[in-house]
Amino acid sequence: MEIRVILASLDVDLESPRILACAVDLATRLDARIIGIAAAAPPVAAAGYVSALAVAAGYTQARMDIEARLATLRNEFHAAVPQSLMLEWHSLLELPTAALLGACQQADLIVTTTRGVDAGSLRSGAVGALVV
């Protein structure tokens, strides 16, 4: 099997240089291109009439924090991956596992991290969900 596209999945709560360095090294050796992706979902809470404003403010702040982190990861991706190896970047406000499942169809190889028991949350993908 020839590997032409590598998906580098970055976790919003973990440092990304090692994942990016690994993806760049593999892409260079295999003459492949790299797709970068990072995703996280803000928490959604049910609220009654009285607490709705507080819940909305919390959701808005969480979303802004995630968007800022996604922008940082995008910049790290563009700084670490040579233009000749770069295919595309995706910043997504959705569950990381769902984002990975959607993006993995474009890739021949996935480079990612895992957090073990914390995997599969609003901010971290469940790598096991990708195994077919």
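**Entry 1: a loop proline**

I started at proline 82, which sits in the loop between α2 and β3. I take helices as DSSP runs of H or I of at least four residues and strands as DSSP runs of E of at least two, numbered from the N terminus. This is a predicted model, so I kept local features to pLDDT of at least 70 and side-chain atom pairs to pLDDT 80 or more, while totals for chains, interfaces and linings use all residues. Residues are numbered from 1 along each chain as its sequence is written, and side-chain values use heavy atoms, with hydrogens and water left out.

My cut-offs are under 20% relative accessible area for buried and over 50% for exposed, with partly exposed in between (1.4 Å probe, protein chains only). I also checked proline 82 against arginine 33: they are 49 residues apart along the chain, and their C-alpha atoms are separated by 9.9 Å.

**Entry 2: the whole chain**

I counted 3 helices and 4 strands in the protein chain. Along the sequence they follow the pattern β-α-β-α-β-α-β. The chain has 132 residues, and 33% of them count as buried.

For contacts I used heavy atoms within 4.5 Å. Of the contacts between residues at least 6 apart in sequence, 76% join residues at least 24 apart. I got an accessible surface of about 7,600 Å² for the chain, with 59% of it belonging to carbon and sulfur atoms. That area comes from the Shrake-Rupley method with a 1.4 Å probe; for residues, only the protein chains shown count as cover.

**Entry 3: helix α3**

Which residues of α3 are buried? In this helix, residues 96-103, I found Pro96, Thr97, Ala99, Leu100 and Ala103. Looking down the axis of α3, I see these buried residues within an arc of 160°, so they line one face of the helix. The arc is taken over directions from the helix axis to the C-beta atoms. A reminder to myself: an α-helix has 3.6 residues a turn, so residues three or four places apart point the same way.

What do the buried residues of α3 pack against? I listed β1 (5-10), β2 (33-39) and β3 (86-92).

**Entry 4: serine 9**

Next I went to serine 9 in strand β1. Serine 9 has a relative accessible area of 8%, so it counts as buried. Skipping neighbours within four places in sequence, I found serine 9 in contact with Ile19, Ile37, Leu100, Val111, Thr112 and Thr113. Leu100 also turned up on my list of buried α3 residues.

**Entry 5: along helix α2**

Arginine 69 lies in helix α2, residues 52-80. What does its side chain reach at 2.7 Å? I found the backbone oxygen of valine 12 there. My rule for a polar contact is a pair of N or O atoms within 3.5 Å; within protein, one must be able to donate a hydrogen and the other to accept it, and residues adjacent in sequence count only if both atoms are side-chain atoms. Leaving out neighbours within four places in sequence, arginine 69 is in contact with Asp11, Val12, Leu14 and Glu76.

Alanine 71 is in α2 and is partly exposed at 24% relative accessible area. Alanine 71 and serine 91 are 20 residues apart in sequence, with 7.7 Å from C-alpha to C-alpha. Glutamate 67, also in α2, is partly exposed at 35%. The C-alpha atoms of glutamate 67 and serine 91 are separated by 8.3 Å, at 24 residues apart along the chain.

**Entry 6: rings**

I pair rings of Phe, Tyr and Trp (its six-membered ring) if their centres lie within 6.5 Å; planes under 30 degrees apart are stacked, over 60 edge-to-face, the rest tilted. I found 1 aromatic pair. Phenylalanine 77 and tryptophan 89 make a tilted pair, 5.1 Å centre to centre with 35° between the planes. This pair links distant parts of the chain, helix α2 and strand β3, across 12 residues. Both phenylalanine 77 and tryptophan 89 are buried.

Aspartate 31 has a positive phi of about 55° although it is not a glycine. Aspartate 31 is in the loop between α1 (17-30) and β2, and counts as exposed at 70% relative accessibility.

How many disulfides are there? I searched the whole structure and found 0, taking a disulfide as a pair of cysteine sulfur atoms within 2.5 Å. Cysteine 22 is partly exposed at 34%, and cysteine 104 is partly exposed at 21%.
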